[in-house]
Every structure is written in structure tokens, then in C-alpha cells.
Amino acid sequence: AEVLYKAMKGLGTDEDAILQLLTARSNAQRQEIKAAYKTLHGKDLVDNLMSELGGKFESLIATLMTPPIMYEVTCLRDAIKGAGTDEKVLVEILASRSPNEHNDDLEEDVTGDTGGHFKRMLVVLLQASRQQGIQEDLIQSDAQALFVAGEQKYGTDEGQFITILGNRSNAHLRRVFEEYRRLSGYEIEESIQRETSGTLQEVLLAVVKCARSVPGYFADSLYGAMKGAGTDDQTLIRIMVSRSEVDMLDIRAEFRKRFATSLHKMIQGDTSGDYRKALLLLCGGDDGYWTLVYIENADAKSISLSVFLPK
């Protein structure tokens, strides 16, 4: 609390001291620092930070200072209110979070501002009634039910997709997807793309991605936020902060496996200033490939083995 006070005291602001300290603390510790700051100086730490900082760096620091559940509830409410609904944010948060991270108070907001099968799926995810573990006796019947509801039917029984994908655990769904491929000859993603459309398709595909790998889902989302011209800074901040204490190392590893660069290097090339410094500290480090090569002396064939090693 004293370091932060001194960083903001007098003329000018020591942004480096602020970002170095806040990115090196957990959210729980930041809340304790906020309370200590109030006790020592009689002022609200977040208000003081916001008056000293600006732009994307200010948004990032504000997010770091918000308790995780409160932040995600705010994101969901912001996605719903006003003209139009930001379905991308709803899908990301509800498809990827575990059941105990959802908030029952949001159900009325969601049901009031979305519609159709998309609304039904969001409500199922909000109710957080996913079964735990793998239900061995349901694997085959779930795969069969999905097959009958889509590929074997004229039209689509969206309700079956919603019920099964919305209520089964990730571990169970991975087994169902294997059985589905054996039964139908298709990956479940192919069938969802053929049998559904629009926002329902988006949320179902997100649930499938998360069932296969939550870190992989976020690696794809981060890449999408930074590729091409411009940067989706809201998505970048939301994921980097919300996952920094959950599975950032796994996200980094998935990112390096899927793309021709590391998450660290992509952030470095896509952002600037104190905003970039803080994001890189949350990322935690760069990742590279070491290549081991040996020659078989019998026929001089070269065999290259690539091994992923985080630096």
C-alpha cells in the first residue's frame, strides 16, 4: 500500500512501480492491499489509480483490482444491457467456467435479452447443474441420442444437443465425442456446423472446445484477439487477467503448439507501453522450441525431433 501511495504522490506517476507490484500479487492480495490503503490513507485505492492512469493500461489495472466473480458478473451484465447483446462475451464466460463460478442472479437478465435455443443453452449453463465425473452407462446412449437428433433426422432436435452438452462434465463429453465419431463417422464439431446455425452454433462449438481443452479454447481466443489488423483489447484484458491465476502456463503451452509463435511474442508485437509491460508480466515468460537432431549412420537418414520446453 505504501509503495502504491508513493508511486502516485506528488507530480507525475511511477507507472512501472504500479504495474510491477500489482501483477506480482494475487487478486486476494490486491484486495488486502486495497483495504490497507484505505486504513492508512483514508482513500479508495482504485479511485486513486484511475485518476492517475489512462487508456488501455487503466482498464487493465482496473480489471486486476476487481474480485474475479464481481468482474465476470459485470462482464455478463455489460454484454446484455444496452442496444444489442455481445454474444461473444456470454459464450466465452458461460461455456468455459466451472459450475461454482456462475451467478444465479444473472438468469433473469439473460432470459430477458436473448431468445430461442441460444437462450435455452445459456440458461442451462447458468443453472450450473453439470453432472460430475464420467457416467459410463450414459456414454453410448448420449452419443446415439446426438446422432439421432442431428445426422439421422430430417431437421434437428436442438433440445438434445442442449441437454447433453449443457449437463455433462467435460471428461464425460470427451468420451461421448469418441463414441460419436465411432458411431457416425463424423467429429461432433462437423455435425454441429451442419445441423445448427447462428448463436446456438457458436455456444455449442465453444462448449465442445472447452470440453476438449479449456486452455486450448483460450489460446484460440487470444490468437483471434490479436491476429490481423487491430487488437480486441477487451478480450485480451479479460482473458489475461481472469486466467492469470488459473491456467496461464497451460494456455501458453497450447498457444505455442497451435501457432507459429508464442503468446509472449504475439503480445509483444501487438501492444505497447505500460499496457504491454503489464500484459507480459501476467503472461509470465516466453516459450520456444528446442530441436534435437541425430543421424542414422546406416543410411544417413536425418530424423528431427522437436521437443517443447518452456524457458
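Ring pairs join Tyr223, Phe255 and Phe259 into one cluster. The model shown here is predicted, so that local features are reported only at pLDDT of at least 70 and side-chain atom pairs only at pLDDT 80 or more, whereas totals for chains, interfaces and linings use all residues. Residues are numbered from 1 along each chain as its sequence is written, and side-chain values use heavy atoms, with hydrogens and water left out. Six aromatic pairs are present in the structure, a pair being two rings of Phe, Tyr or Trp (its six-membered ring) whose centres lie within 6.5 Å, with planes under 30 degrees apart counted as stacked, over 60 as edge-to-face and the rest as tilted.

**Figure 1. The secondary structure of the protein consists of 19 helices and two strands.** Helices (H or I, at least four residues) and strands (E, at least two) are DSSP runs numbered from the N terminus. Of the 311 residues in the protein, 45% are buried, where buried means under 20% relative accessible area, exposed means over 50%, and partly exposed lies in between (1.4 Å probe, protein chains only). The protein exposes about 15,400 Å², of which carbon and sulfur atoms supply 49%; accessible areas come from the Shrake-Rupley method with a 1.4 Å probe, and for residues only the protein chains shown count as cover. Among contacts (heavy atoms within 4.5 Å) between residues at least 6 apart in sequence, 63% join residues at least 24 apart.

**Figure 2. Glu151 and Arg194 form a salt bridge, their closest N and O atoms being 2.7 Å apart.** Because Glu151 lies in the loop between helix 10 (139-149) and helix 11 (158-167), and Arg194 in helix 13 (residues 188-195), the pair ties together parts that are 43 residues apart in sequence. Glu151 is partly exposed, with a relative accessible area of 22%, and Arg194 is partly exposed at 45% relative accessibility. The charged end of Arg194 also sits over the ring of Tyr186, 4.2 Å from its centre, a placement that requires NZ of Lys or CZ of Arg within 6 Å of the ring centre and within 35 degrees of the ring normal. A search of the whole structure finds 20 salt bridges, each defined as a side-chain nitrogen of Lys or Arg within 4 Å of a carboxyl oxygen of Asp or Glu.

**Figure 3. Lys209, Asp220, Glu254, Lys257 and Arg258 are linked in a network of salt bridges.** Asp220 lies in helix 15 (residues 214-226) and Arg258 in helix 17 (residues 248-258), so the pair ties together parts that are 38 residues apart in sequence. Arg258 counts as partly exposed, at 39% relative accessibility. Lys209 is placed in helix 14 and is likewise partly exposed, at 39% relative accessibility. Leaving out residues up to four places away in sequence, Lys209 touches Val214, Tyr217 and Asp220. The C-alpha atoms of Lys209 and Glu189, which are 20 residues apart along the chain, are separated by 8.8 Å.

**Figure 4. Asp287 and Arg252 meet through their side chains in a salt bridge (2.9 Å, N to O).** The pair links distant parts of the chain, with Asp287 in strand 1 (residues 287-296) and Arg252 in helix 17, 35 residues apart. Both Asp287 and Arg252 are buried.

**Figure 5. The largest nonpolar core has 86 residues, and those with the most contacts inside it are Leu49, Ile61, Leu165, Met240 and Leu263.** Helix 14 (residues 198-212) contributes the largest share of this core, nine residues. A nonpolar core is a set of buried Ala, Val, Leu, Ile, Met, Phe, Trp, Tyr and Cys residues joined through side-chain atoms within 4.5 Å. With its neighbours within four places in sequence set aside, Leu49 is in contact with Met8, Ile18, Leu22, Ile61 and Met65.

**Figure 6. Arg238 is a buried residue, at 5% relative accessibility.** Arg238 belongs to helix 16 (residues 233-242). Not counting residues up to four places away in sequence, Arg238 touches Tyr71, Cys75, Val89, Glu92 and Ile93.

**Figure 7. Helix 19 (residues 273-283) has Tyr275, Ala278, Leu279, Leu280, Leu282 and Cys283 as its buried residues.** The cover over these buried residues includes helix 2 (15-23), helix 5 (55-64), helix 16, helix 17 and helix 18 (263-270). Just after helix 19, Gly284 adopts a positive phi of about 95°.
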